[in-house]
Structure formats: C-alpha cells, structure tokens
Amino acid sequence: MKLIFLLFYLFNCVNSFIYPGHYFGFVPELKGVIKNYNTPVNLSFGCFNNVSISLRNESVNIETSNKQGYLCYDTILVSNHHRMFFKNLFLPGSTKIELHNISNFERNDLNYYGLNIFHVKNGLFGSLIDMYKTSKLFKGDEQEIERENLKFIKGKMNHEYQLWNKSFHIDESNINSGDYFSITRLDGLDPMIMWGTGSFSGHTAIALRINGELYICESTDANPFGKLYWPPPYGIIKTPYKKWLELAEKASYLVVVLRLDNNYQKIFNDNIDLAINFYNDVENLPYGKHNFLFGWIDTEENNYPEDLTHQFITNSAGLLARYNLTKSELDIFITEPINQRLSIILNKEVDYTFEEIIQTTIELNFPISKLLTLPENDNWSYSNGKSLVCNTFVTEMYKSVGIFKEINNNIEATEFTPRDSYMLKIFNSEWNLPGCNNNNNLCQIMGKYEVILPEFNTIKMYEKMNQKCPSL
C-alpha cells in the first residue's frame, strides 16, 4: 500500500513540473450539496466517474468506482460554515470520515445548508502551482507583472490590449468639473476587479474645482499586494490636477477622460456648490472596503466568475472568522455589511459574529446567499463612517448635484461598479480634443495601451438601477 501511495506522489510531482498552472485555478468547483442524512449524492470527478457521498450520523461516507486511470486520483474539499477539510481519493472502494465534536450550531447548519462537496480539479499540487501563477499578477518585476496581467485579460476577458504609448495632458482650462476619469493599472487588482464585474476599468476619479483650483478627487487605498505606486494619504482625497498627472504617469496608469453630456454638465455646473459640500463631508474617509463586494453581488448565482460560488465564499468566511489574524478583515468586508442587512430585516440594529449571522439566517429561513444580494444603501454608516469605493464616490457626487433627479434620485450609488458608471447614458459620446482620440472614440490622456470601454454611454438611467444585475 505504501508503494502505491509513493507512486501516486512521484507521478504527481512529475506532473507538477509539466503543469503550467491557471489563474485562480485553485478555486474548487462545487459538485454537490448533501442536505439529507442517509441520502447519498452521486457525483462524477476527473478520475472517478462514480462517487457516492452520504452523511450518516456523524460521519461522511464515500464510495468510489469506475476509475479512469491507474495513477489518477481526485481531491475533494468537504465544508460547511464550521469546518473545512480535504480528502484525496486514490483507490476504488469505501472511505469513512468522522465528523468529531459537532456543536448544536453546526448541526443546525447541516440540517439547513447541508454539507458542500467541492472538487479541487487540479489537485493539491496543481492548486499550489495555480496559487503561484496567480500571485505573479500582483508581485514581482513590474514588466513581468504587466505581461502576466495582459495574458490574464486576454484569457479571462477575451481582450488583447493594443499598444498606444502616448501622453496627452489636457490643459486644465479644458477640463470641466464633473469630468469622469476612467483608470486602469495592470497590477493584478484592477484586472481582478475587471474580470469579476465585467468592467474594462478598474478605478474611477472625478475633476472638481474648489476655490478656483482644479483637483482630481478619488477614493483610493494603498496597494495591498505589492509596490506602493501612489503616495499617502489614502481614502477619499483630492490632488491638484498637475500633480495628479505626474503621479498617474509614474504609476503607469491607462487614463481616459469622459465628458458629461451638455444637459448633465449644466446640472453639474449649476450645483457645483453641492458637489463641493459633498466632497468636504466625505474627505479623509477611508476607502470603502465595507461595500467593495456588495455593489457587485446582485444575484444568488450569476455574479460569480467561473468556479467561484457563494458557498465557497461563506464557508471560507466561517473558517476565517475563527482566527484573530483574519477576523478583523473579514468583519470589514463581510460581517459588518451583512449585519446592516440583517438590521433591516429584523428592524433593529444588530452586531452579530459571523457564526451568529449563520444561525440567525437559519432561524429566519432566509439563506445567506439571498442576504448577500440585498442592495447596499447610500445612507448606511459603518464603524469608520460611510463606505465609498472609487466609482461609488464619483456616482454619489453626481447624485449629490441632481444628475439623477429625473428618476427622483431613486438609485443607490453604492450598487454601481466601474462598468455600471461608465455605461450610464449621461456622457458626451462625440467629445474629443485633437490629439487624445485613441481609435475607440475615447479621449485617452496617457497609457502604454489603448483603452476600450464596451457599451460606454449606452444605458439610460432607471429607478433602482443595478440592484439585480448578473455580471456574467
């Protein structure tokens, strides 16, 4: 038996040298959910065609047969909101895994949400290679990061960037307050946002004159993964236009300027004091991590790219909530925003732990997958104030001056992604200054590559916009 396992190990070590890895290929594929005791789910994996898995008493029972090849094997991930473990399936036959120390909370969880069975399709060795390949989107030599991100966008979004290599700094006399700056940096984070939301822009800023001086205002943060390409302070900040151009060039930004349509430009100009007041009210707030995910998740199933699922997200959250090192970040990105939603449902303010949130959803018969889709509210305040990501900040400034008055301001800016904001039919599609047309009818002012914004300026505003939109 030891010899067989050694052969498996050596075979997969050899394969690891051949396998090139895939971006985010380590995300496991959900194959089935066990919701009834003693009732098996029948699944098929890459190696075993027939796999029967059931939950009996406090054990997971696995039956495997019809193997594709002698040296192949399958790795599965079994999880709920309380535990998560891997199991390698090497040989045909029966396997039993005991679930020790099941609490009453976990028993309720099993009865309501069930036990999720994921397939780790590239195995543990392959998943490590996938993680390494994905890490190259964020870390390493700047030129290598750029190359990896170009390959990522081509593979995931079917777009191949064309060289542009120009710089056209518009004189500030030709910049209007309200001009929208669509920004992308090939640094891993922006392309990941683009892939997840279907956007061709990763960051957003807006021009605003305050006391006669032109600023670029934005909600920004330090790069969490690698080189700090933008100096502090972070959060909601303003930078003098000329200084911003210098920093943007140094940061290797791809930047397109979008001009408001004449009617909306007049609204912005007539109410510019409201825009300045809005900026002053939110200046120095931290970057909006609390609703970073929630403007994107609008449906229970159709906002998650490739193999990512709400089951994997919430099961992983349950694991991360147990460790102090990760709990604080989890609270910011998931726990606090979900408490906001539960507070609305329960008609009282709550501050539950993640485990208490799961238990409450069971008691309410309101699954967490549905809770994630409830629209963010622009008026919500979190532990560190209002939460505004980059495009939300710009869209809410537009809202503050009355650009959405024709639909009674009945939108939540916090539900917009960068794609949603540049698709709004409020811009001037024909505006271009000589020298900045980048062959996509966009005024691009800098960047190594040409920017495209598919469906730019095509969606007429409507009430409760972008609250039920699948991004797939």
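Four strands form an open sheet, in the order β2-β3-β4-β7, with antiparallel pairing. Strands here are DSSP runs of E of at least two residues, and helices are runs of H or I of at least four, numbered from the N terminus. Two strands pair if DSSP finds at least two bridges between them. β2 (41–43) and β7 (93–98) stand at the edges with a single partner strand each, so one side of each has no neighbour in the sheet.

The model is predicted: local features need pLDDT of at least 70, side-chain atom pairs count only at pLDDT 80 or more, and totals for chains, interfaces and linings use all residues. Residues are numbered from 1 along each chain as its sequence is written, and side-chain values use heavy atoms, without hydrogens and water.

Back to the sheet. β2 pairs with β3 (residues 48–56) in the antiparallel sense over 3 bridges. Asn42 stands opposite Ser52 in β3.

Now the rings. The whole structure holds 24 aromatic pairs. Rings of Phe, Tyr and Trp (its six-membered ring) pair if their centres lie within 6.5 Å; planes under 30 degrees apart count as stacked, over 60 as edge-to-face, the rest as tilted. Phe118 and Phe312 have ring centres 5.8 Å apart and planes at 75 degrees, so this pair is edge-to-face. Phe118 lies in strand β8 (residues 115–120) and Phe312 in helix α9 (residues 310–320), so the pair ties together parts 194 residues apart in sequence. Both Phe118 and Phe312 are buried (under 20% relative accessible area, 1.4 Å probe, protein chains only; exposed is over 50%, partly exposed in between).
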